[in-house]
Amino acid sequence: MNRVIDIVDLNPKEIEECIQTALDIIKNPDKYAHVCEGKKLATLFFEPSTRTRMSFEAAMYELGGHVISMTDANTSSAAKGESVADTAKTVSCYADIIAIRHPKEGAAYVTAQNASIPVINAGDGGHCHPTQTTADLLTIYREKGGFDNLTIGLCGDLKFGRTVHSLINAMSRYKNIKFVLISPEELKLPSYVKKDVLQKNNIPYEQTTDLERAMPKLDVLYMTRVQRERFFNEEDYLRLKDSYILTPQKMKYARDDMIVMHPLPRVNEISVEVDTDPRACYFKQVLNGKYMRMALILKLLKEAGRI
Ligand code: NCD
């Protein structure tokens, strides 16, 4: 396998292997400090990013490798009208592995079809974000001890939030999982995710607009930002942006062992006072993301025979 476009490109056994690699990296960073010497990661980011791009780059440096980067579509040949396919063929001449983020759904797939090196999707429009999910999975694994028997509340923009779509896909493969989908009417989970993932796998789920009522039953609360850039008009965004704000007051409804996750960036949906609550795990997620990206780069470069 030379690509991770969707989280289901990694089966549960491969996820477990990446988790074990990540845990070993955490314990023995020196063992991994030179494994990618002389290798290059190309980060192609056609959309804004802080964590995803920097964690990919930090991951490659910590493996002893190098990074070449395209961080602004306006200063690359995309601005002259170059296709994603031609960019993929070009970058394959310079690098050993690509991480790409693009506003169009399917762009990472097209890149993988045209590249001769491994490709990782770092977010394609409102579709998927598999490496955020690997960060989420390592966080759940470390905080909850595994993936079975969990009730997961997903709150906010479930329509455009690609991290939510990927996390549902990933978690639906474990035992006794339940989802509580908390969103305004207009931002409900797309029916293709409900049909193709939840209903197809007989995963129990409920939909609600009421965060407080849902809180007491949750093992995990996954908050998300309302995705302004994917709205057709600003008025709708302004009306919906503060639909949910998690505060210390609302945290009183949660169990003592519930964890709060968020892929970040946060806008208003978690008040900063929640950050000191021991149940807040979103900055742990950031660090876990770097380790899982290291594990993934290693796996794909090994499978491609490049290390
Ligand atoms: C997420 C994304 O890009 O989809 N951010 C991230 O990569 N951590 C979430 C978001 O932008 O809201």
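1. A quick definition to start: angles here run from 0 to 180 degrees between N-to-C directions, with axes fitted to C-alpha atoms. With that in hand, look at helix 2 (residues 51–62) in this predicted model. Helix 2 lies across strand 2 (40–45), strand 3, strand 4 and strand 5, and runs at about 175° to strand 2.

2. Now for the sheet under that helix. The sheet is open, with five strands in the order 1-5-4-2-3 and parallel pairing.

3. Next, a helix pair. Helix 1 (residues 12–27) packs on helix 5 (residues 130–144) at about 70°, and their axes are 11 Å apart. The two helices are therefore roughly perpendicular, since angles of 65 to 115 degrees count as such. On the helix 1 side, the contact includes Ile15, Ile19 and Leu23, while helix 5 brings Leu137, Leu138, Tyr141 and Arg142. The contact residues comprise eight nonpolar, one polar and two charged.

4. Finally, the cysteines: the structure has zero disulfides. For Cys128, the closest cysteine sulfur belongs to Cys18 and is 17 Å away, which is too far for a bond. Cys281 is likewise in no disulfide, with the sulfur of Cys155 nearest at 16 Å. Cys128 is buried, at 4% relative accessible area, and Cys281 is buried too, at 1%.

Notes: Residues are numbered from 1 along each chain as its sequence is written. This is a predicted model: local features need pLDDT of at least 70, side-chain atom pairs count only at pLDDT 80 or more; totals for chains, interfaces and linings use all residues. Side-chain values use heavy atoms; hydrogens and water are left out. Helices (H or I, at least four residues) and strands (E, at least two) are DSSP runs, numbered from the N terminus. Angles under 35 degrees count as roughly parallel, over 145 as roughly antiparallel, 65 to 115 as roughly perpendicular and the rest as oblique. Contact means heavy atoms within 4.5 Å. Ala, Val, Leu, Ile, Met, Phe, Trp, Tyr, Cys and Pro count as nonpolar, Asp, Glu, Lys and Arg as charged, and the others, Gly among them, as polar. A disulfide is a pair of cysteine sulfur atoms within 2.5 Å. Buried means under 20% relative accessible area, exposed over 50%, partly exposed in between (1.4 Å probe, protein chains only). Two strands pair if DSSP finds at least two bridges between them.
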